[in-house]
Amino acid sequence: MTNELSANEEIFPKGTNKSYAIVELVRGDGPMVGKGPEKTVFSFPVVLLWEVLLLLGVTLALFLFSLIKQAPLDAIANPQVTTDPAKAPWYFVGLQELLEHMHPTLAGIIIPGILVLFLVSLPYLDHSRTHAGVWFSTRRGKRITVWTALYTAIAMIAFIALDNAFSMRESLRGVAPPWVAQWLLPALILAVIVLIPVVVLRRKGASTREVMIALFTVMLASAVVLTISGFLFRGPGFEMFPPWNMPDGYNPWNDF
Amino acid sequence: MAQSKPIERLTQSRVWRSFFRHGWPDNPLDRSLTMTSNIFFHLHPVKVSRKSLRWNYSFGLGIMAAILYGVLVFTGILLMFYYVPSVERAYPTMKEIQLSVPLGQFTRNMHRWAAHAMVLVVILHMARVFYTGAYKPPREFNWVIGVILLLLTLGASFTGYLLPWDQLSYWAITVGTNIAGYAPVAGPVMRELLLGGTEVSQNTLIRFYTLHIALLPASLVLLISVHFWRVRKDGGLAANEAPDAE
Ligand code: HEM
């Protein structure tokens with residue numbers, strides 16, 4: 001009688017915090033073998049420590065930067081006196097650079113609109129589940145990224161430099177109607193720049209993901225080139241100056 | 001865990017136990033309860049995979065964006081105690097913040113640089129998500145929410161840019177809003193709606209101020225919450241779906 005009770009108590013102990021029990025042990029190579037709990041860690045405290053570290057790091061960096069660099073404050077706004085150059089903040093200066101090369105509706109509305117549409121529809125265009133969670137998906141994906149970035153940088157720098165040297169707007173004045181220089185040609189040039197990698201990849205039998213990698217990289221690399229050009233290479237009158245030859249008293253870093 | 005008598009008395013007290021519904025987190029059960037019984041920690045699952053924690057998978061960029069947003073809210077509220085959004089008073093209050101408010105210049109610096117950093121970090125986070133293919137099903141919708149977050153972040157930065165009411169901000173906003181005017185058909189109406197008139201004026205300042213301190217931050221909080229919730233509902237980071245490295 002007493003024996004039975006203690007056995008019972010051992011199986012169903014009272015007043016413990018234990019909410020689990022070993023039911024049985026199995027040997028096997030089912031889908032969960034090797035993916036069991038040993039590949040996970042408790043969020044407490046590992047994840048929280050990571051987050052506290054990031055919090056401290058980010059705040060410390062901001063703290064130090066704020067000690068050495070003051071936020072700019074210019075003279076009080078005066079609608080009568082235009083500043084030269086009137087530059088957008090850095091994240092829009094790429095757009096401002098684009099505006100130099102084509103009709104404002106194309107550069108300021110249509111192209112940004114297409115980019116947002118591209119971003120929103122991207123996961124619905126490339127909906128395969130393979131290779132998620134891996135940087136560049138495959139080795140080939142990485143190569144495509146690098147080469148597309150390089151190609152885009154060269155193409156966009158050439159586009160900006162050539163249009164700056166032989167302005168389409170000026171050289172076609174009187175030769176062709178304004179919409180050719182302002183709309184048709186720039187749109188055509190950009191479309192060709194975007195489509196070349198797509199066509200090349202399609203011919204090589206690339207997957208949708210790989211085409212998307214190329215398109216996204218064209219977008220990102222173009223944005224970087226345009227931003228650098230607008231930020232570092234544009235001086236008074238938003239004219240093109242090399243940074244080492246910027247007119248005196250004008251420093252793009254002053255008020256970014 | 002061996003604890004001294006007074007600490008034990010405290011942690012066993014009715015008040016303490018009404019706050020914390022778990023014991024000292026040195027065992028699996030209490031570690032789980034720590035996460036699930038706290039509203040903030042509850043954003044995380046009890047256990048996470050090592051793969052998703054690897055720093056060179058996410059670079060912590062999403063978390064950093066959220067931290068920067070927190071810094072912006074904190075410093076922004078401090079600035080709001082002094083700043084007056086009127087054409088006559090905005091610039092003088094900025095001067096006042098810089099010259100006579102204790103740590104005013106420093107607070108303004110933090111707010112400004114955190115804003116620039118947040119735009120950069122959000123763009124990098126988007127690039128990270130793209131190149132790791134983390135937008136693929138079932139995460140499509142969270143990517144779309146992300147795109148809206150990017151636009152809101154840019155909007156918050158842009159509206160804040162006008163508030164100092166100096167030459168820099170006045171002309172940058174003039175250039176920026178002129179672009180809106182070039183939209184086909186709706187352009188002039190859109191520009192006028194944004195400016196509250198035909199040029200940057202008091203109406204513009206109060207509109208940008210309201211967007212900057214109320215509408216955009218509230219939308220950001222809402223969508224960041226949805227974004228985090230979806231990360232969990234979609235099974236954590238996409239790294240979990242990657243084949244095991246070993
Ligand atoms: C205010 C801006 C944003 C905040 C605070 C934010 C925050 C986060 C956080 C904390 C994560 C968890 C993983 C990580 O830390 O990287 C995450 C994941 C994710 N974010 Fe964001 N995010 C923002 C903007 C964006 C943008 C602009 C996009 C894309 C256009 C995006 C798409 C995603 C996706 C798809 C995931 C899941 C990633 C995965 O499973 O690997 N987010 N976000």
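Reader: Which residues of α8(B) meet α9(B)?
Author: In this predicted model, B:R112, B:A115, B:M118, B:V119, B:V122, B:I123, B:M126, B:V129 and B:F130 of α8(B) meet B:W143, B:L150, B:T153, B:L154, B:S157 and B:Y161 of α9(B). Contact means heavy atoms within 4.5 Å, and helices are DSSP runs (H or I, at least four residues) numbered from the N terminus.

Reader: What classes are in the contact of α8(B) with α9(B)?
Author: There are 12 nonpolar, 2 polar and 1 charged residues. Ala, Val, Leu, Ile, Met, Phe, Trp, Tyr, Cys and Pro count as nonpolar, Asp, Glu, Lys and Arg as charged, and the others, Gly among them, as polar.

Reader: At what angle do α8(B) and α9(B) pack?
Author: About 160°, and their axes are 10 Å apart. α8(B) is therefore roughly antiparallel to α9(B). That label is for angles over 145 degrees, taken from 0 to 180 degrees between N-to-C directions, with axes fitted to C-alpha atoms over the stretch in contact.

Reader: And α6(B) with α12(B), what angle there?
Author: About 155°, with the axes 12 Å apart, so α6(B) and α12(B) are also roughly antiparallel to each other. In α6(B), B:A66, B:Y69 and B:M80 meet a set in α12(B) that includes B:Y209, B:P217 and B:F228. The contact of α6(B) with α12(B) has 10 nonpolar residues, no polar and no charged ones.

Reader: Switching to the ligand. Which residues come nearest?
Author: B:Y57, B:H125, B:G146, B:H227 and B:A238, out of 26 residues around the ligand. A residue is counted if one of its heavy atoms lies within 4 Å.

Reader: Which helices each supply at least two residues of that shell?
Author: In chain B, α5 (55-58), α6 (61-80), α8 (104-131), α9 (140-162) and α12 (202-233). By class, the shell has 17 nonpolar, 7 polar and 2 charged residues.

Reader: What does B:H125 do with its polar side-chain atom?
Author: That atom of B:H125 lies 2.9 Å from a ligand nitrogen. An N or O atom in the side chain of B:R128 is 2.9 Å from a ligand oxygen. For B:I63, a backbone N or O atom lies 3.4 Å from an oxygen atom of the ligand. Polar contacts here are pairs of N or O atoms within 3.5 Å.

Reader: Chain A now: what does A:L215 touch?
Author: A:F118, A:V194 and A:V198, leaving out residues up to four places away in sequence. A:L215 is in helix α8 (residues 208-232) of chain A.

Reader: What are the conventions?
Author: Residues are numbered from 1 along each chain as written, with chains lettered from A and ligands numbered from 1 in written order. Local features need pLDDT of at least 70, side-chain atom pairs count only at pLDDT 80 or more, totals for chains, interfaces and linings use all residues, and side-chain values use heavy atoms, without hydrogens and water.

How values were computed: Polar contact = N/O pair within 3.5 Å; in protein donor to acceptor, adjacent residues only side chain to side chain. Parallel < 35°, antiparallel > 145°, perpendicular 65-115°, else oblique.
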